[in-house]
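Let's walk through this structure together, one contact at a time. Keep the 3D view open as you read.

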Amino acid sequence: MAILALWVVGTPAWAAPTLDSVQKQLGQAQVLRGTFQSTRAVSGLKNPLRSSGRFLLTRKQGLIWAQEQPFEQTFIVTPAFLRQQSPG
């Protein structure tokens, strides 16, 4: 969901992106970085859960997904391992 925000380069603001156009742009990039905002509805909770942060994705090294709000948590995914880090 957050990565889909990257399609805007070269796409008019009024035009809705197609899956093909997003896949084409993602397929050409060697490095992608950006921010994300996520909202999740959880049964039993009145308000949705919201999180936000930054990400860095490289073809050769993998993904760093750094959640900053509501608390810090980082996920690192490479071809060799998956790691979750929290401060402290």
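Predicted model: local features only at pLDDT ≥ 70, side-chain atom pairs only at ≥ 80, totals over all residues.

Which residues do ring pairs link into a cluster? They are Phe36, Phe55 and Trp65. Residues are numbered from 1 along each chain as its sequence is written, and side-chain values use heavy atoms, leaving out hydrogens and water.

The structure has 2 aromatic pairs (rings of Phe, Tyr and Trp, taking the six-membered ring of Trp, with centres within 6.5 Å; planes under 30 degrees apart are stacked, over 60 edge-to-face, the rest tilted). Phe36 and Trp65 are stacked, at 4.1 Å centre to centre with 20° between the planes. Phe36 sits in strand 1 (residues 31-40) and Trp65 in strand 3, so this pair ties together parts 29 residues apart in sequence. Strands here are DSSP runs (E, at least two residues), numbered from the N terminus.

Phe36 is buried at 4% relative accessibility, while Trp65 is partly exposed at 24% (buried means under 20% relative accessible area, exposed over 50%, partly exposed in between, with a 1.4 Å probe and protein chains only). Phe55 and Trp65 have ring centres 5.8 Å apart and planes at 20°, so they are stacked too. Phe55 belongs to strand 2, and 10 residues separate Phe55 from Trp65. Phe55 is buried, at 4%.

Now for charged side chains. Arg54 and Glu68 meet in a salt bridge at 2.4 Å, N to O (a side-chain nitrogen of Lys or Arg within 4 Å of a carboxyl oxygen of Asp or Glu). Arg54 lies in strand 2 (residues 49-58) and Glu68 in strand 3 (residues 62-69), 14 residues apart. Arg54 is partly exposed at 47%, and Glu68 is partly exposed at 32%.

Terms used:
Helix = DSSP H or I, 4+ residues; strand = E, 2+ residues; numbered from the N terminus.
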